[in-house]
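Have a look at the model below.

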Amino acid sequence: MPVPEFVVELRRHIGHAPLWLPGVTGVVIRDEQVLLVKRADNGAWTAVTGIVDPGENPADCAVREVLEETGVRAVPLRLVWVHVSRPIVHVNGDQAQYLDHVFRMDWVAGSPYAADDENDAAQWFDIAAMPDMTADMRRRIQLAADPDSAGTVFEVTEPSD
């Protein structure tokens, strides 16, 4: 499901106005490979991302999104980064910004495929030979893949006046 029903309902009231949402990035690692999807909306290769449903644990959301989008079963190993995304304007004009929870996930079973209409492809890539992607997405993957990363990275920014 590309847009959760609760977001569709909110959009009925607020239109394309900016919306603050909790999100997840599931970085699934198998040996020295990372699972990536090619997004149908913009053609970008990314780790699996998604929106946390009301009342849903972010780690459970990451498991659900990976399975829904790729057919792969994975388990969260650790939370590696909590950050605020830049403001985004989606192709349909909806504006959003996400409090993103990046999880290092371990592959359990399954061969990846584009399991829903959000992606055109899903496949494993060697971490050292990933396709072009944004610096932000590359950072999420690098933090998750780093074996010396023991926990969560928090970034503190100076308050603006």
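Which residues does Arg104 touch, not counting residues up to four places away in sequence? The list is Val27, Ile29, Val75, Pro76, Leu77, Arg78, Val80, Ala144 and Ala145, where contact means heavy atoms within 4.5 Å.

A quick word on the model: it is predicted, so local features need pLDDT of at least 70 and side-chain atom pairs pLDDT 80 or more, while totals for chains, interfaces and linings use all residues. Numbering runs from 1 along each chain as its sequence is written, and side-chain values use heavy atoms, leaving out hydrogens and water.

| Residue | Strand | Relative accessible area |
|---|---|---|
| Arg104 | β7 (residues 95-109) | 13% |
| Ile51 | β4 (residues 48-51) | 14% |

The side chain of Arg104 also makes a polar contact of 2.9 Å with that of Asp106 (N or O atoms within 3.5 Å, one able to donate a hydrogen and the other to accept it; residues adjacent in sequence count only if both atoms are side-chain atoms).

Now for the cores, meaning sets of buried Ala, Val, Leu, Ile, Met, Phe, Trp, Tyr and Cys residues joined through side-chain atoms within 4.5 Å. The largest nonpolar core has 18 residues, and Val27, Val80 and Met130 are among those touching the most other members. Helix α3 (helices are H or I runs of at least four residues) gives the most to this core, with 5 residues.

Notes
Helix = DSSP H or I, 4+ residues; strand = E, 2+ residues; numbered from the N terminus. Buried < 20%, exposed > 50% of the residue type's maximum accessible area, 1.4 Å probe, protein only.
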